[in-house]
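Subject: Structure handover and notes

Hello,

Here is the structure you asked to look at, with my notes below it. Please open it first and keep it beside you while you read.

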Amino acid sequence: MPVAAELTTLEGDKVRIEVTVPEDEVRKQFDRTVKETSARMRLPGFRPGKVPAGVVIQRVGREGIFAQTLDRALNDWYREALVLTGVDPLESPEVDMGDATEQGVAFAVTITVPPTPALGTYKGLEVMREPDETPEGAVDDEIARIREQSARLEDKDGAAASGDFVVADIDGTLDGEALPDAMSRDQLIELGTDRILPEFTTALEGASAGDSVTFDVTYPEDAPEEIRGKTVAYSITVQKVQEKVLPEVDDALAETVGFASADEMLKEIEERLAAATAKTAEERYRRRVIDAAVSAATFAVPPVMVDRRIDSILHDTSHQLPQGVTLDQFLAMQGQTMDQARDSLRADAEMSIRREMVVETIADAEEITLADEEIEERVRRDAADAGRDADELLTALRGSGGWDSLRQDLRIERAVDMIVQSATPISPEEAEKREAAGEAPEADEEPAAKKPAAKKDTEKKPAAKKDTGKKTTAKKPAAKKDPGDKPAAKKPAAKKASAKAATSSAKGSGAGAAKKPAAAKKPAAKKKPDAE
């Protein structure tokens with residue numbers, strides 16, 4: 001190992017790392033400086049990069065070469081010490097240089113680190129758990145969704161009503177001139193939906209095949225520039241009126257979605273919704289247990305840690321956007337500035353960090369460890385589930401440094417399981433009663449839902465305890481994961497942070513972008529409607 005590092009914890013969330021660099025490492029770096037200087041040196045009689053080391057040292061001076069070596073290598077040695085001790089500095093270190101010669105270098109750094117939470121009660125917590133009951137109407141809603149997917153359109157005699165479809169020709173003019181973006185032919189329009197402007201539904205309700213209607217639409221100031229604040233005159237000729245016909249709930253419908261009978265379809269829907277309900281209830285319960293343990297702990301998350309987490313979330317989000325779309329453009333489409341996006345992420349980012357820090361501190365307090373055999377067993381099990389070669393995966397994990405990261409993930413997972421298993425669920429009624437009496441801590445109501453394309457935050461937290469006056473040779477830590485991160489709705493994608501094994505528009509332009517009446521969609525029917 002190029003350097004040795006000893007960690008001493010101090011008061012006030014500070015640590016001191018004493019770094020010693022052996023003679024062979026110093027000489028290696030010294031020789032590197034000589035070689036790099038030779039490559040830059042231009043002397044008569046020598047080809048570039050071929051100036052002998054003795055000549056380089058004579059020209060620059062041994063002290064000069066050594067000073068350059070320290071300037072270049074000191075930061076590398078410092079970073080190596082951080083890796084060895086697992087310290088994640090919150091600010092620049094205070095450096096205390098000791099002996100520095102070609103026979104060896106010694107220096108010390110004092111660093112501010114994240115605080116260690118003062119734990120409260122984390123075992124035997126009483127936390128509300130919802131009953132595993134499928135919500136009323138959920139089965140009916142799923143049946144209705146299947147019927148909608150198999151709906152068909154049939155011609156209708158008489159006037160159009162909300163919920164019906166009309167096939168029509170549309171013409172729009174602005175100041176007497178035809179507006180191409182507001183014109184279409186044989187357009188299918190569904191009345192009464194938010195996909196069209198309400199003026200179109202109002203004008204077309206009561207219209208029959210062959211009727212023509214005219215009306216004006218004045219567009220708001222946030223409409224496309226071409227029609228912003230202007231009035232467009234529309235003329236619509238109805239070709240036909242159609243109504244949506246939903247299929248009966250019978251064996252024929254069941255066959256369209258892969259079931260032998262309606263009874264089989266209904267049974268599968270009931271079982272699937274029951275399983276989903278139970279999973280959601282369990283995820284919410286686990287989240288509430290962890291958050292109760294977090295609420296019982298005492299510590300403040302430094303703002304710099306929150307800013308780092310937000311930076312990481314935004315960085316990950318920018319790499320998940322379609323090609324050619326920048327993060328600023330993505331936020332603008334959501335009506336957010338960068339500052340607004342950061343503010344909207346702040347609370348979730350801080351809570352994510354709090355969960356990580358509390359659960360890891362609990363894992364330390366419980367002295368939770370995993371033997372290599374336990375990690376290998378988990379990898380082999382997950383590899384089998386994923387259909388991967390376990391030996392290849394094990395080799396990749398060990399070769400990439402993922403072994404220590406996986407060990408930490410499983411350690412956190414075990415700590416979460418321990419906290420949850422020790423907790424006692426109480427009914428929503430009991431929880432409400434206690435909250436009314438001021439006894440119950442706040443519970444996070446959001447389910448621990450999984451998020452797409454999320455990457456874990458690779459920030460490392462120090463393994464530092466409060467001042468004990470002792471020195472320890474610290475081991476490299478594994479990266480942490482939030483034991484229960486929740487999704488941020490309509491925000492840049494937050495990270496996926498569960499402790500698992502490693503195997504794991506705007507459409508149109510011009511007037512069309514302002515909800516022109518050409519955007520009505522028909523239901524996803526198995527049989528294609530007659531008119532289009």
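Asp251 counts as partly exposed because its relative accessibility is 40%, and partly exposed is the class between under 20% (buried) and over 50% (exposed). Please keep in mind that this is a predicted model.

Overall figures

The protein chain has 14 helices and 13 strands. It consists of 532 residues, of which 42% count as buried. The chain exposes about 28,200 Å², and carbon and sulfur atoms supply 49% of that area.

Aromatic rings

How many aromatic pairs does a search of the whole structure find? The search gives 3. Phe200 and Phe215 are both buried.

Phe215 also pairs with Tyr234: the ring centres are 5.7 Å apart and the planes are at 20°, so this pair is stacked. This pair links distant parts of the chain, with Phe215 in strand β10 and Tyr234 in strand β11 (residues 231–245), 19 residues apart. Both Phe215 and Tyr234 are buried. Together, Phe200, Phe215 and Tyr234 form one aromatic cluster.

Salt bridges

Side chains of opposite charge can pair when their charged atoms come close. The structure holds 39 salt bridges.

Arg16 forms a salt bridge with Asp96, and their closest N and O atoms are 3.5 Å apart. Arg16 lies in strand β2 (residues 14–21) and Asp96 in strand β3 (residues 94–101), so the bridge ties together parts that are 80 residues apart in sequence. Arg16 counts as partly exposed because its relative accessibility is 26%. Asp96 is also partly exposed, with a relative accessible area of 40%.

Which residue does Arg129 form a salt bridge with? The partner is Glu282, and the closest N and O atoms are 2.8 Å apart. This pair links distant parts of the chain: Arg129 is in the loop between β5 (126–128) and α4 (138–149), whereas Glu282 is in helix α7 (residues 262–296), 153 residues apart. Is Arg129 buried or exposed? Arg129 is buried, because its relative accessible area is 19% and the cut-off for buried is under 20%. Glu282 is partly exposed, at 28%.

Lys240 and Asp155 meet through their side chains in a salt bridge of 3.9 Å, N to O. Lys240 is in strand β11 and Asp155 in strand β6 (residues 152–155), so parts that are 85 residues apart in sequence are tied together. Lys240 counts as partly exposed at 22% relative accessibility, and Asp155 counts as partly exposed at 44%.

There is also a network of salt bridges that links Glu23, Arg27, Arg62 and Glu102.

Val15 is placed in strand β2. Val15 is buried because its relative accessible area is 1%. The C-alpha atoms of Val15 and Ile111 are separated by 5.4 Å, although these residues are 96 residues apart along the chain.

Asp13 lies in the loop between β1 (4–10) and β2. Its phi is near 55°, which is a positive value in a residue other than glycine. Asp13 is partly exposed, with a relative accessible area of 25%.

Where else is there a positive phi in a residue that is not a glycine? Asp186 has a phi of about 50°. Asp186 is in strand β9 (residues 184–190) and counts as partly exposed, at 36% relative accessibility.

Regards

Notes. Residues numbered from 1 in each chain as written. Predicted model: local features only at pLDDT ≥ 70, side-chain atom pairs only at ≥ 80, totals over all residues. Heavy atoms only, no water. Buried < 20%, exposed > 50% of the residue type's maximum accessible area, 1.4 Å probe, protein only. Phe/Tyr/Trp six-rings, centres within 6.5 Å; stacked < 30°, edge-to-face > 60°. Helix = DSSP H or I, 4+ residues; strand = E, 2+ residues; numbered from the N terminus. Salt bridge = Lys/Arg side-chain N within 4 Å of Asp/Glu carboxyl O. Areas by Shrake-Rupley, 256 points an atom, 1.4 Å probe, with all protein chains shown as cover.
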